[in-house]
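Reader: I am new to this structure and would like to know what stands behind the words used for it. Please set each value against its definition.

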Amino acid sequence: MADHLKIHPVVDVEAPSTVPLVPSTSSKSSQQGESMHVKSMNIPAPPPRAQLPPGPPPTQFRQTTPLIPSPPPRKSRSFCCKCICWTISLLILILVILGAIVGILYLVFQPKIPKYSVDRLQISDLRLNTDGSLYAKFDVQITAKNPNKKIGIYYQDGSHLSVWYAKTKLCQGKFPKFYQGHRNETSLNVSLTGQAQYGNTLLGALQEQQQTGRIPLDLKVDVPVSVKLGKLKLRKVRILGNCLLIVDTLSSNSFITIKASSCKFRLKL
């Protein structure tokens, strides 16, 4: 009986199996034998290993391109640019039209600034007051000339005339309100009165200057006028002027000779 007993080796299932290196021709037969051996031992065969597709070779460095977000639409910005361009173009067009209108009016009417001259100057009163101020009263005759053929001039209220000596105002007055027609020449008598401080010092300087026979006086003119082009009356503008006069004396109620006169006038819109 002892001869019929078979001793089988104990197989360690958890031990790693070693596959002998055999040539490729005998791999199939060895796999069949191994499976039959496993079946005889009632041990389930391990599932076959899945073969993965060959992947790309590993690389140490991989260049990555940063993603740049696309810029947002510029519809609002382009609309603003168009509005600005249209506004600038409209302003330029308006300026061109206004310039053309002014040029046409200038060619048609050929406007010229009125001319003024001081014909006569008389001192009615020049004396010291009890408070030490100097009182002066001048009567001035001014000739206003309108050289324009198609333009009339309306002299408005708010005019101002003054006589100065050495940056000190002696007296002042107003231009009368009237209308001057085309190519008209009008003579105006204006009375100027005023008081100046430090009368003793000022009167002494005038008397000292009178001994030389040449006393400089400055006549300043500021007159608001409205221009009439045909039947169209334009808005109010101002005529500013400055006349430098050289007289021989400032004696009251005496004949005063104007030795020199230089006047400059300009138009202020």
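Reader: What makes S2 and strand S7 (residues 185–196) a pair?

Author: Two strands pair if DSSP finds at least two bridges between them. S2 and S7 are joined in the antiparallel sense over 12 bridges, so they count as a pair under that definition. One place to look is Gln141, whose bridge partner in S7 is Asn189. This is a predicted model, in which local features need pLDDT of at least 70, side-chain atom pairs count only at pLDDT 80 or more, and totals for chains, interfaces and linings use all residues. Residues are numbered from 1 along each chain as its sequence is written, and side-chain values use heavy atoms, with hydrogens and water left out.

Reader: What makes a stretch a strand or a helix?

Author: Both are DSSP runs numbered from the N terminus: helices are H or I with at least four residues, strands are E with at least two. The protein has 3 helices and 10 strands, in the order α-α-β-β-β-β-β-β-β-α-β-β-β from the N terminus.

Reader: How do you know that S1 and S2 pair?

Author: They run antiparallel and are joined by 12 bridges. Val118 stands opposite Ile142 in S2. The hairpin of S1 and S2 has 5 residues between the strands, and Gly132 there takes a positive phi near 90°.

Reader: Why is Ile142 called buried?

Author: Buried means under 20% relative accessible area, exposed means over 50%, and partly exposed lies in between (1.4 Å probe, protein chains only). Ile142 has 3% relative accessibility, so it counts as buried. Ile142 belongs to strand S2 (residues 134–145). Contact means heavy atoms within 4.5 Å; leaving aside neighbours within four places in sequence, the contacts of Ile142 include Tyr116, Leu161, Phe175, Leu188 and Leu219. In the protein as a whole, 26% of the 269 residues count as buried.

Reader: Why is Ile101 called partly exposed?

Author: Ile101 has 41% relative accessibility, and therefore counts as partly exposed. Ile101 sits in helix H2 (residues 75–109).

Reader: What makes the nonpolar surface patch that includes Ile101?

Author: Patches are made of residues with over 30% relative accessible area and no salt bridge; like charges are joined within 9 Å, and nonpolar side chains (Val, Leu, Ile, Met, Phe, Trp, Tyr) within 5 Å. A salt bridge is a side-chain nitrogen of Lys or Arg within 4 Å of a carboxyl oxygen of Asp or Glu. The patch covers about 830 Å², and among its members are Leu90, Leu98, Ile101 and Leu105. Accessible areas come from the Shrake-Rupley method with a 1.4 Å probe, and for residues only the protein chains shown count as cover.

Reader: How do you know that strand S3 (residues 151–155) is mostly covered?

Author: In S3, 4 of the 5 residues are buried. S3 pairs in the antiparallel sense with strand S8 (residues 215–229) over 5 bridges and with strand S6 (residues 178–180) over 3 bridges. Tyr155 has Val225 as its bridge partner in S8 and Phe178 in S6.

Reader: What makes the link between the side chains of Asp125 and Arg127 a polar contact?

Author: A polar contact is a pair of N or O atoms within 3.5 Å; within protein, one must be able to donate a hydrogen and the other to accept it, and residues adjacent in sequence count only if both atoms are side-chain atoms. The side chains of Asp125 and Arg127 make such a contact at 2.7 Å. Asp125 is located in strand S1 (residues 115–128).
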